[in-house]
Amino acid sequence: MSPTTPLPQQAAPSGRRELPEAPFLAAARGERPARTPVWFMRQAGRSLPEYRALREGVPMLDACFDPEMLAEITLQPVRRHGVDAAILFSDIVVPLKAAGVDIDIVPGTGPVVASPVRDLAAVRALPELAADQVSQVAEGVELLVERLGETPLIGFAGAPFTLASYLIEGGPSRNHEHTKALMHSSPEVWHELAGRLADIALTFLRAQLDAGVDAIQLFDSWAGALSERDYREFVLPHSTKVLDGVAAYGVPRIHFGVGTGELLGAMRDAGADVVGVDWRIPLDEAVRRLGGKASGKIAVQGNLDPALLHASWPVLEAEVRRIVEEGKAADGHIFNLGHGVLPGVDPDVLTRVVGLVHEL
């Protein structure tokens, strides 16, 4: 399929849950629910002893393809912390693995690709993803929809740029030098690669949506390495393809990246209903950069510095109060971290933060 050819639109499944009282969904629509909703990126994971016990001896990607295990891991922080949304336990490389790309998650390193993709032949050799290749993930979503009660479930995928950066670099990168060089030196190769990855992300998200997730988040974790000019030229068209491709489902679409303070307006232009903000700028400044309320409903998500979960409670409490207050500049605010929960965080601190946010 051509990277410029959109995948056919699909209608939302008729059996989607109705959750009119869910604060998370209300805030994502740019409304003010009775309480500020809160969830945490990486809330399901290494900070929880019950997670570590369940995952002992089980490789990460094996867990992501086990419906019962991924459902249980997704539920753990909901039970423990009382958060307002669950996020599917998965990884952004799951659809690549499912499609047949030789990629693995190496403990202590991250995603590692056996053969980096750096030319047109390698791009065209990449397999496409069929929905039945992620049927175990969809089955896990169906289990969660049955078990979550009134708590919304967020599905997610990696954005084309971030997926491409792993494929091109061969693994995590500090400078993304091979990625940027390919973008500028061989733009036609870049756009074909990003277009193929947009199709993979879209197929993965649609599988989750057809199974019943209530919102989606598109992670462009490393887009902050780009200038706005490069983002708009090389990235925005492909992220737009993904976000527009799920618009018919009528669920909130969240877009998040790290270090993207200069890209917030462009990320909203890609089709986001909610823009995630890391800890580097205040939420009221983020709202200003997003165009202010004059440009329509603005919903933001964030943005506590994850490192401050290790600070004393008075320091942490003051930061939480500040962020909730600054979030009032937006039409809707979902409290979250500016990135993911760090492995060594005391889970009781997260529970206490949830309680405080709900009180404010």
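How are H9 and H10 oriented to each other, roughly parallel or roughly perpendicular? I will come back to that pair in a moment, after a word on what we are looking at.

This is a predicted model, in which local features need pLDDT of at least 70 and side-chain atom pairs count only at pLDDT 80 or more, while totals for chains, interfaces and linings use all residues. Residues are numbered from 1 along each chain as its sequence is written, and side-chain values use heavy atoms, with hydrogens and water left out.

On confidence, the chain averages a pLDDT of 93, and 95% of the residues score at least 70; pLDDT is the predictor's confidence in each residue, from 0 to 100. Residues 1–14 have a pLDDT below 50, and this stretch has 33 contacts in the model beyond near neighbours in sequence, a contact being heavy atoms within 4.5 Å. Where pLDDT is low, the predicted coordinates should not be read in detail.

Now the overall build. The chain has 15 helices and nine strands, where helices (H or I, at least four residues) and strands (E, at least two) are DSSP runs numbered from the N terminus. Its radius of gyration is 19 Å, close to the 21 Å that the globule rule gives for 360 residues, so the chain is as compact as a globular protein of that length; the radius is taken over C-alpha atoms, and the rule is 2.2 Å times the number of residues to the power 0.38.

Back to the opening pair. The axes of helix H9 (residues 177–185) and H10 come within 5 Å and cross at roughly 115°, and H9 and H10 are therefore roughly perpendicular to each other. Axes here are lines fitted to C-alpha atoms, for helices over the stretch in contact, with angles running from 0 to 180 degrees between N-to-C directions. Angles under 35 degrees count as roughly parallel, over 145 as roughly antiparallel, 65 to 115 as roughly perpendicular and the rest as oblique. In this contact Thr179, Leu182, Met183, His184 and Ser185 of H9 meet Pro187, Val189 and Trp190 of H10, and the residues divide into five nonpolar, three polar and no charged. In that count Ala, Val, Leu, Ile, Met, Phe, Trp, Tyr, Cys and Pro are nonpolar, Asp, Glu, Lys and Arg are charged, and the others, Gly among them, are polar.

Helix H10 (residues 187–211) also packs with helix H11 (residues 228–245), at an angle of about 20° and with the axes 9 Å apart, which makes H10 roughly parallel to H11. The contact of H10 with H11 has nine nonpolar, four polar and four charged residues.

Further along, the axes of helix H14 (residues 313–326) and helix H15 (residues 347–359) come within 11 Å and cross at roughly 40°, so H14 and H15 are oblique to each other. Their contact has seven nonpolar, no polar and three charged residues.

Finally, two backbone details. Most residues other than glycine have a negative phi, and most peptide bonds are trans. Arginine 42, in the loop between helix H1 (23–28) and helix H2 (49–55), has a positive phi, near 60°. A cis peptide bond, with omega about -5°, joins glycine 302 and asparagine 303, and asparagine 303 lies in strand E8 (residues 299–304).
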